[in-house]
Amino acid sequence: MSAVERLPPAIWREICHAAVEINDPEPLPYQYQTHLGKSTMAALSATCKSLYDAVGDVIWHTIPDIAVLFYCLPDSMYRKDRFVSRTGHSWAPNQKVYMFTFVRDDLSEADLVKLLDRAKHIKAIVRVHRYFCTPGPGTLFVAAPSAYVTLAKVLLGSRILCPSLEVLDYSRSEFTQFDIFRAFHVLFGPNLKHFNLESVEKQPGFDQISPSPSPSPLDPESGIDDEGDFCAMLHNLGERAKHSLETFRMNIRPSSALIGSTTVDVLCHFSNLVSLKVAPWSSKRIYVATPTLFAHCAQLPFLAELHLQFEDVPSSHDWRLQVSSQIPPGTTGFPRLVEFTAAVGTLALFTQLFSFIGSPALEILSIRSDGNIPRDELHPFFAALAILPAQERLRTFDLRASGDVVGTPSSSSCLKHPAPIDVDTLEPLLYFSDMQQLIIDLRCPFDLDDAFFEKMAKRWPNLTCMTVSGGFDGRFDPCHDDQPEGRGPTDTEGQSPHGGETLGDSALVAPCKGVAAWRMRPRATLLALFYFARHCPRMVTLQLEIDANLALIHPSLVLESIVRQGPNLWGMLCLGHSPIEDPYAVAVFLSGIFSALTTIDTSWPNQRHAYYPRHEELQVEDVMGEVVPGGEWWQKSHVYGKLWKIAHREFGVFARVRREERQRRQ
């Protein structure tokens, strides 16, 4: 026996993998990067019997689709239909698709010996992979739905086409009908670890080129042919991979309530999940988690990523009792959870569920709401954050709502304007010591001062991104006679946080429907930006609203901001509806503390352009000589927008001067 023959098969597999793959940490998309091509490796296997199995494991380790297995068969046994997209994609215009199907559906196992032998080597089916031997990025190979049905008949339903398969990452594109999942279970084996299934909703349509007619015509309007078959496929996955599956990700469109409920039930079968993501950003909440599923996930010992959808639960509904009844006493929920993302309607549910998150390693907490949030839910929600054990590990907190923050109904049966989000509401966030990204995007004004922003800046020196935004885009209805909750008509408004004379125009009143009618002048000033520039050198993006009036800042701080060395990592400053008085003075101040700032953005111009057509009849000439819609709100919006544009323009000039001065001093 020669030395080559004495080497173990495992050694040959490592040699073949090293000969093919290039370990590039950032490979270019669709770039075929290898030391040796797969055709060369196939020829090499013919020279030595010891290399045959090892080369087979390398060549067939990862494929884009089982369609490539058809090349193991004689040409007379399969049919290849070619389609070209009518619309194409931005990354692949005029995309070519080759759909493979069997000529006969009465095949036996003896006819597919070579195909089944190659399928035993497959460990990953991934649609996009840099080692695919495809003619180009505009060409895809897919197996027709009938091909899966034929293979299921040959395997008699109990055998598995790819017994070694570990990764299944399949995306149903617009050229494949939904019934492809009817016999998809032929791919599920006991070694399956990663399951990622996606399906598109719209089909732009494809033209068949050859041959004609098509054995399975593509219907651009086709939807779900049989929900029962898809649900049966999910149950097969739950039975065959309940102990091996580690990653489950699914986003099916079009979908239905039956598919959603079946998915939620099947997820309770898996006992070793590490990552679970079910349509986290879908606009339709179909895969709604139940207390049973949440309790099951809480007991998974290795779960690190969790993306779920939750139903609208009123504050009177006690989820805590239903979940706790299914968790053994003394069990720590989610012991290793690192990332938690949820789509909810309101925040009342999460106020109850925070008590079950016992992971000290939680780093990312992201919550998206698609409904109106009652203002009285915010304070209990942020107070519940304080009980999380991950006070030293949480780095990203992301809370966004597409609906409005609403107050309590007033006597006129309409929703009263909610009280602004104040310091007492957000103060529990300071319990977390290593915050790096903080995003709070709620359609409600914020009443925060410089002192609170200074606490944030000192508490989080590693902060890179912070957004504290009211998210106004003009969908609030005006109530000129109403006052926000917690602020009566006799309260003092518009005063400087340091005392003294009023700032004037404390409330910017919109004269028409569709515009925020009760916006108060921010209490925070340019001093807040100064604190973040001093204490957060890694900051890249900052979004908040301030009163850009230098008269509110002590002259010594203004001088310090001009002569100090500014950080170099600042990129974007978003100031929303921040009022401004002197753009040149503001530009000088900002150029001193943000030497590398690239963008200064506000919301004034956007809101002004969005509502101009509604008020063409109310036009006046502003102080700058331009005609704008009449009314106090429109005049202020126009003036502030122009002043901030001047500040942005002059900032570039002053920043260049500051950089030159600092270079000369060095």
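Q: Is Cys162 buried or exposed, and what is the relative accessibility behind that label?

A: Buried means under 20% relative accessible area, exposed over 50%, and partly exposed in between, with a 1.4 Å probe and protein chains only. Cys162 has 0% relative accessibility, so Cys162 counts as buried. Cys72 is also buried, at a relative accessible area of 13%. This is a predicted model, in which local features need pLDDT of at least 70 and side-chain atom pairs count only at pLDDT 80 or more, while totals for chains, interfaces and linings use all residues. Residues are numbered from 1 along each chain as its sequence is written, and side-chain values use heavy atoms, leaving out hydrogens and water.

Q: How many disulfides does the structure hold?

A: A disulfide is a pair of cysteine sulfur atoms within 2.5 Å. The structure holds zero.

Q: Why is strand S5 largely enclosed by the rest of the structure?

A: Strands (E, at least two residues) are DSSP runs, numbered from the N terminus. In a regular strand the side chains alternate between the two faces of the sheet. In S5 (residues 139–143), Thr139, Phe141 and Ala143 point one way, and Leu140 and Val142 the other way. Five of the five residues are buried, so S5 is largely enclosed.

Q: In which sense do S3 and S5 pair?

A: Two strands pair if DSSP finds at least two bridges between them. Strand S3 (residues 96–102) pairs with S5 in the parallel sense over five bridges. Lys96 stands opposite Thr139 in S5.

Q: What is the mean pLDDT of the protein chain?

A: pLDDT is the predictor's confidence in each residue, from 0 to 100. The chain mean is 75, and 67% of residues reach 70 or more.

Note on methods. Helix = DSSP H or I, 4+ residues; strand = E, 2+ residues; numbered from the N terminus.
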